[in-house]
Amino acid sequence: MTAAGAPAPIRASEALRKKLAKLGLHGAADLLVHLPLRYEDETRLTPVVEAPWGEPVQVEVTVLSSEVQFRPRRQLVVRAADASGEVWLRFFSFYPNQKAMLAEGARLRAFGEVRGGFFGAEMVHPRFHLVAGDEPLPAGLTPIYPTTAGVGQATLRKLIAQALAGDDLADTVAEAVRQRLQLPALAKSLRFLHGPPPGTALEALLARNHPAWRRVKFDEVLAQQLSLRRAYRARRQQGAPALAPAGDLAERLRAALPFRLTGAQERAVAEIGADLARPYPMQRLLQGDVGSGKTIVAALAACQAIDSGWQAAFMAPTEILAEQHYEKLTAWLEPLGVRIAWLSGSLKAAAKRQQQARAAADAQLVVGTHALIQEAVDFARLGLAIVDEQHRFGVAQRLALRKKGGNPHQLMMSATPIPRTLAMSYYADLDVTVLDELPPGRSPVKTRLVADGRRDDVVAFVARHGEVGRQAYWVCPLIEESEALQLQTAEETFARLGAELPGLTVGLVHGRLKAAQKHATMAAFAAGSIDVLVATTVIEVGVDVPNASLMVVEHAERFGLSQLHQLRGRVGRGAAESSCVLLYAQPLSETARRRLKIIFEYTDGFEIARQDLQLRGPGEFVGSRQSGVPLLRYADLEGDADLVEAARTVAETMLDEAPAAAERHLQRWLGARQDLLRS
Ligand code: ADP
Ligand code: MG
């Protein structure tokens with residue numbers, strides 16, 4: 001625990017504490033940052049007859065009579081009045097004790113809208129409480145908190161007021177930093193947000209751009225940065241093999257390549273090479289748009305590990321992709337004498353045992369799917385773990401690979417470029433290398449949007465395309481609800497295109513094919529003996545057949561932006577001019593229309609990702625890598641980008657110069673939730 005000791009608990013009954021826990025409120029510190037959704041003005045009383053209809057007001061009335069009526073539906077109807085006139089209060093759902101409270105003679109303050117009803121002024125479901133004697137009116141606006149069944153606003157207010165009166169409000173952000181960033185003190189900001197004085201302009205508060213809100217949002221992103229940067233530093237304390245190559249394996253691989261590395265690839269190789277030579281584990285993300293040439297960069301890193309006497313593992317998310325990597329790496333490295341093992345879920349038991357034994361013994365490179373991280377695999381000397389298309393794996397799977405064989409260096413790769421603020425936020429615990437250059441000689445892919453009424457024209461286009469010896473992909477509509485239906489559609493599309501394209505050879509590949517069949521089909525397509533490959537999205541990631549220069553996607557409106565970008569990235573890999581035809585069905589939903597417009601207008605993966613982020617918001621965007629998501633309740637990565645930038649630098653300084661304050665800050669903001677973060 002911290003120097004400050006254990007976080008102060010919430011003083012409440014066991015039952016209430018359980019309910020509060022559902023709201024994420026475990027300690028007093030959590031209450032402090034449980035901020036209102038909105039406010040109501042209970043600082044004034046309005047006489048019933050003066051209440052402007054349809055605006056929220058507070059009245060103080062005495063009950064004249066109350067009864068439960070059954071028509072038109074069961075309801076509690078209360079007749080009440082103040083000195084100015086009468087008002088009906090109507091409750092459609094109520095507890096017996098509420099009925100008892102509202103007995104004749106009871107005096108209460110009710111908050112809500114007054115409207116003209118059948119019998120005169122009425123309030124439907126006002127919030128109310130009984131008053132005795134001359135209870136003073138609140139001095140500030142009344143906060144309305146997010147809550148859950150069984151925890152009333154009054155209870156929350158009381159608990160939060162107690163927490164605010166406690167001694168846990170000391171500022172963790174240094175005065176100088178606050179001044180530079182023009183942020184008010186935390187105590188002041190929280191007191192203000194929990195109870196703004198009457199007359200406070202509510203717009204800035206509700207839009208959350210009041211300075212007090214900015215302070216809270218800054219603290220929140222600061223906690224995230226502190227936590228990720230601390231994890232980053234902690235990993236540097238762990239040991240890893242310093243991979244200093246003894247031989248010239250990487251040089252020999254380069255010499256055998258039919259191309260020269262791009263400048264971006266050279267930079268990446270140098271950065272990764274330097275990391276690998278250090279005695280603590282590398283945690284690097286290699287980001288590069290589809291086709292930017294990440295595989296060779298990874299292969300050169302593997303060479304460095306192998307040449308230093310260690311093993312490298314290369315994990316890919318799908319069987320097709322893993323197999324393609326296996327083939328490519330075998331073609332590159334086997335002639336140089338590297339021993340390569342292959343592990344995938346579809347291997348027969350005996351073959352799998354044999355490959356596992358090789359991984360445990362003398363294999364230098366092990367390529368495979370997530371079969372690589374299964375229990376039975378025991379690497380002899382794993383020095384480097386490479387994870388391709390890392391966003392496809394859950395956090396747990398990536399951690400499992402790291403745990404194999406002690407503490408290997410880790411290289412993650414992703415073709416899903418993520419915008420800068422998001423990267424800073426979610427990947428703050430990683431070093432990032434970006435391949436910002438495509439290999440030369442690529443021709444841009446021409447994108448066309450075609451309504452599915454013109455499908456025949458597209459088929460004719462595919463026929464002409466095939467007749468001159470060029471190949472095409474035809475991607476079947478995505479049917480997320482049912483795998484069976486998806487399969488059926490793929491088979492029907494295959495049969496139909498076969499009939500429509502009599503002069504061409506049509507192949508079919510989908511997720512449910514046996515590995516050997518899948519392999520044979522992909523190999524035939526790569527060798528050019530299949531002209532048109534009908535496929536489900538199994539080809540979405542990584543597949544690389546340079547002679548394929550036409551991509552047709554049916555029902556493109558059902559695909560997400562990054563999927564469409566990935567699919568389009570399958571073509572445009574050779575010298576031939578390539579095109580991508582997106583068939584869509586009408587009517588298009590508004591989002592689908594915007595997605596298609598974006599994919600039509602932009603080819604740059606980063607720009608597409610930026611647009612995607614705007615369309616979807618960060619939570620969904622980062623997909624399986626959600627560990628950082630629950631940590632941001634108030635800040636918004638796009639709108640508060642400046643705060644994220646600032647927090648990043650402040651976090652570094654705090655970890656160096658004020659570690660105790662950093663620890664208190666983490667406790668306050670993350671408390672028990674620190675476990676949610678990767679370590
Ligand atoms: P991705 O980054 O999408 O994984 P790949 O590694 O599959 O890209 O590379 C795409 C294609 O480009 C492959 O056929 C690969 O051999 C080729 N390639 C990679 N680097 C270069 C280069 N510097 N010059 C020419 N072709 C290259
Ligand atoms: Mg790839």
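What follows is a short exchange about the domains and the ligand of a predicted model.

Visitor: What makes domain 2 and domain 3 separate domains?
Guide: The domain assignment gives domain 2 as 249-435 and domain 3 as 445-602, besides domain 1 at 44-137. The C-alpha centres of domain 2 and domain 3 lie 28 Å apart.

Visitor: How do you know which residues of domain 2 and domain 3 count as in contact?
Guide: Contact requires heavy atoms within 4.5 Å. The contact takes 16 residues from domain 2 and 16 residues from domain 3. About 1,300 Å² is buried between domain 2 and domain 3, with carbon and sulfur atoms giving 55% of that area. On the side of domain 2 that touches domain 3, four residues are nonpolar, five polar and seven charged.

Visitor: How many salt bridges and how many polar contacts link domain 2 and domain 3?
Guide: The count of salt bridges is zero. Three residue pairs are in polar contact across the interface.

Visitor: Why is the approach of ligand 1 to Gly-291 called a polar contact?
Guide: An oxygen atom of ligand 1 is 2.6 Å from a polar backbone atom of Gly-291. The cut-off for a pair of N or O atoms is 3.5 Å, so this pair qualifies. Likewise, a nitrogen atom of ligand 1 is 2.8 Å from a polar backbone atom of Arg-260. For Lys-294, an N or O atom of the side chain is 2.7 Å from an oxygen atom of ligand 1.

Visitor: How much of ligand 1 does the protein cover?
Guide: On its own, ligand 1 has 560 Å² of accessible area, and the protein covers 87% of it. Ligand 1 is surrounded by 17 residues, the closest being Gly-291, Lys-294, Thr-295, Arg-442 and Asp-544.

Key:
Residues are numbered from 1 along each chain as its sequence is written. Chains are lettered from A and ligands numbered from 1 in the order in which they are written. This is a predicted model: local features need pLDDT of at least 70, side-chain atom pairs count only at pLDDT 80 or more; totals for chains, interfaces and linings use all residues. Side-chain values use heavy atoms; hydrogens and water are left out. Domain bounds come from an automatic or database domain assignment. Buried area is the accessible area (1.4 Å probe) that two parts lose on being put together, summed over both. A salt bridge is a side-chain nitrogen of Lys or Arg within 4 Å of a carboxyl oxygen of Asp or Glu. A polar contact is a pair of N or O atoms within 3.5 Å; within protein, one must be able to donate a hydrogen and the other to accept it, and residues adjacent in sequence count only if both atoms are side-chain atoms. Ala, Val, Leu, Ile, Met, Phe, Trp, Tyr, Cys and Pro count as nonpolar, Asp, Glu, Lys and Arg as charged, and the others, Gly among them, as polar. A residue is near a molecule or strand if one of its heavy atoms lies within 4 Å of it. Accessible areas come from the Shrake-Rupley method with a 1.4 Å probe; for residues, only the protein chains shown count as cover.
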